[in-house]
Amino acid sequence: MILCNSMTGDSLPVRRLRPAELVKSYDHIGIAAPMVRYSKLPFRMLAQEYGAHITHTPMILAQEFGLSATARDSDFTVRPDERGLFRAKGRRISCLSETARTRLEMMGEAVPGDAMVADADHLVQGCMVIQFAASEPVALADAAELVAGHVDAIDINCGCPQSWAYKECIGSYLLRQPDKVRNLIRGVKLRLGEDFPVHIKIRIDTDPQLTAQLMTTAVEAGAELITVHGRTRNQPSDSVPVNLSGIQHAVQVGRKLGVPVVANGDIFCLDDARRTLEQTGADAVMAARGLMSNPCLFAGYKSTPGHGINRFVELAVTTGFNTGLFHRTVAHMTVDGLPKSDALRMNAHPSIASLIEHVAKLYPVA
Ligand SMILES: Cc1cc2nc3c(=O)[nH]c(=O)nc-3n(C[C@H](O)[C@H](O)[C@H](O)COP(=O)(O)O)c2cc1C
């Protein structure tokens, strides 16, 4: 399809791919993780503009989503234009969307060194994936049916380690229940068609054979992309480093099965992303906490630049965002770049208006 890019007037053909194809077709695809409370619409838009080619919604409970309009309204806000367009050639893809590139150029801001593909011959559209937590195939299929027209894939959470989730037979409970995972995937496929993309996000197991068994069953049922967080169910992210050889094992299993594997864990800058790709052989990387504190990391920024923070405020105000989450998200993304006194003030604002005023003073628009 040939589309005129209204921002630049360029006429480059636009490729729209499913996420698994995107990951297989280009090098250095960046993926924004599902994050409860954080990976909401304005955060996803910001992260995608700054190089997260694939974004995820937070984990949504399929059962509640299917049954309650209130749950749907609070959990799921999407925009057709939340996906970015990225310049590309061959296997190279830019890590700034066209929206971000033109905005930075208009502001006279330097674009990070290798963020762009100067000789691009086509544009690629980013993807957005919804993540569900489920234990019952019918509940998952019901929820999936409600969102199918708005998302590029459905991801099934097989990693949430919290005890309430385990008791509900969702999240990491599923890691040793391959039959249940197969039934969940089959439920979606039977309802939406074999072609509808379904992914799973797992953690590694202390017994690598069990990881291999889970992956094999999921792929046989139709899963076409697997994200592997390199920690076991009992390993907390803040005290146990990611196990890259555990991910590497899963990548080797994925190779045999012919399914792309995404590596997740401890990616806080581009060097971490490159090292993870090199050491695991994964097809792409996913970041969570790194993007919380710096949603622009995939574009090569070391901490959130002022134009990224201003853009988040603009997106949050124009798309509508829960007040408390707005505050927490801004506080997270500013904390690394600010002196302690300013970071503490950022946390203490009594209202959104005063927070926005503070942000405007700290990061004046050029
Ligand atoms: C605030 C927060 C919320 C999270 N919510 C989810 C979620 O909804 N679904 C999920 O699969 N993982 C969730 N995770 C786990 C991350 O997606 C990721 O697997 C984990 O943090 C390891 O990646 P990291 O080292 O880049 O943070 C969450 C993590 C954080 C920090």
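Ala, Val, Leu, Ile, Met, Phe, Trp, Tyr, Cys and Pro are counted here as nonpolar, Asp, Glu, Lys and Arg as charged, and the others, Gly among them, as polar. On that basis, the shell around the ligand in this predicted model divides into 11 nonpolar, 8 polar and 3 charged residues.

**Ligand surroundings**

The ligand has 22 residues around it, of which Ala33, Pro34, Met59, Ala288 and Arg289 come nearest. Two elements, β4 (54–61) and α12 (289–293), each give two or more residues to this shell.

**Overall fold**

The protein contains 16 helices and 13 strands. Its radius of gyration, 20 Å, is close to the 21 Å that the globule rule gives for 366 residues, so the protein is as compact as a globular protein of that length. Along the principal axes, the C-alpha atoms fill a box of roughly 55 × 50 × 40 Å. Of the 366 residues, 46% are buried. Among contacts between residues at least 6 apart in sequence, 69% join residues at least 24 apart.

Helix α6 spans residues 137–147, and its buried residues are Ala139, Leu140, Ala141, Ala143 and Ala144.

Technical notes:
Residues are numbered from 1 along each chain as its sequence is written. This is a predicted model: local features need pLDDT of at least 70, side-chain atom pairs count only at pLDDT 80 or more; totals for chains, interfaces and linings use all residues. A residue is buried if 20 or more other C-beta atoms lie within 10 Å of its own, exposed if 12 or fewer, and partly exposed in between; C-beta atoms are placed from the backbone. Helices (H or I, at least four residues) and strands (E, at least two) are DSSP runs, numbered from the N terminus. The radius of gyration is taken over C-alpha atoms; the globule rule is 2.2 Å times the number of residues to the power 0.38. Two residues are in contact if their C-beta atoms, placed from the backbone, lie within 7 Å. A residue is near a molecule or strand if its C-beta atom, placed from the backbone, lies within 6 Å of it.
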